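Okay everyone, thanks for coming. Let me put the structure up, and then I'll walk you through one part of it.

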Amino acid sequence: MAQKILDALMLRRCSHEFSWPRRATDGHYYQVCLVCAAEYKYDWKTMRRIERVDHSAPEGATVTRRSRSHAKKPTWVPRARRLALDTPLRYRVKNLGGWFEGTIQNLSQSGVLLTGPEQLPENTLIEMVFEMPEEISGQKNSSVLCQGRIIRAKEVQESADAHGMAASILDYKFLHQS
């Protein structure tokens, strides 16, 4: 990790490990590289970074801020776009015992839909380890440890011993292979 930071600082090159897309106050999405702190606009429709964000303001420009209380709030929020996957994952109750082997069905900005042998109750804090898709992380073979919360759970109709769960992603970090 230290070598990556030195490369980014000295040679202005970075292998970019991106954070989960975040929503800016203006409603647009962006991603931040966890190594060099570069910010890029992110488009959830195409699931791609669009362009690097330049934070330098033109000379003589003044920044005006609006109060959030006057902002018009949407009455309907569209469902987040899903990235269909069939990716293996391991999951468990946060900081407890053994891991369960499962499969991620889809991934979106709001979380994951997974199936596995052990159904966990709603509002359970969980940990998940899986390979983040290159469309989001910007890298191949990037394993992550995610902190999440079970939002809903249900039986899977195709199998009596598989359980479906939806989990929101609260935080994640890259697991670096040594």
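**A pocket and the barrel around it**

Let's start with the second largest pocket: the residues lining it divide into 5 nonpolar, 5 polar and 4 charged. Keep in mind that what you're looking at is a predicted model.

How much space lies in that pocket? About 250 Å³. The lining is made of 14 residues, and the ones nearest the centre are Arg82, Val112, Leu113, Arg152 and Ala166. Which strands supply at least two residues each to the lining? Those are β6, β7, β9 and β10.

Now, where do these strands sit? They belong to a closed barrel of 6 strands, which runs β5-β6-β7-β10-β9-β8 with antiparallel pairing. On average, neighbouring strands of this sheet are turned by 40° against each other, ignoring direction. As a quick reminder, strands of a sheet pair through backbone hydrogen bonds, either parallel or antiparallel.

Let's follow the order along. β5 covers residues 83-93 and β8 covers residues 125-132, and the two pair in the antiparallel sense over 5 bridges. If you want a spot to look for there, find Arg90, which stands opposite Val129 in β8.

Next up are β6, residues 100-108, and β7, residues 111-116. They form a hairpin, with 2 residues between them, and they pair in the antiparallel sense over 5 bridges. In that pairing, Ile104 stands opposite Leu114 in β7.

Is β7 largely enclosed or left open? Of its 6 residues, 5 are buried, so β7 is largely enclosed by the rest of the structure.

On to the next partner: β7 also pairs with β10, in the antiparallel sense and over 5 bridges. Here Leu113 stands opposite Ala166 in β10.

Let me finish on β10, residues 163-174, which is where you'll find Ser168. Is Ser168 buried or exposed? Its relative accessibility is 15%, and the cut-off for buried is under 20%, so Ser168 counts as buried.

And what does Ser168 touch, leaving out residues up to four places away in sequence? The list is Ser110, Gly111, Gln147, Gly148, Arg149 and Ile151.

Technical notes. Residues numbered from 1 in each chain as written. Predicted model: local features only at pLDDT ≥ 70, side-chain atom pairs only at ≥ 80, totals over all residues. Heavy atoms only, no water. Pairing = 2+ DSSP bridges. Helix = DSSP H or I, 4+ residues; strand = E, 2+ residues; numbered from the N terminus. Axes fitted to C-alpha atoms, helices over the stretch in contact; angles between N-to-C directions. Buried < 20%, exposed > 50% of the residue type's maximum accessible area, 1.4 Å probe, protein only. Contact = heavy atoms within 4.5 Å. 1 Å grid on protein atoms, 1.4 Å probe; cavity = no way out; pocket = protein on both sides within 12 Å on 5 of 7 lines; lining within 4 Å. Points joined across faces, edges and corners; volume = space filled by probe spheres on them. Nonpolar A, V, L, I, M, F, W, Y, C, P; charged D, E, K, R; others polar.
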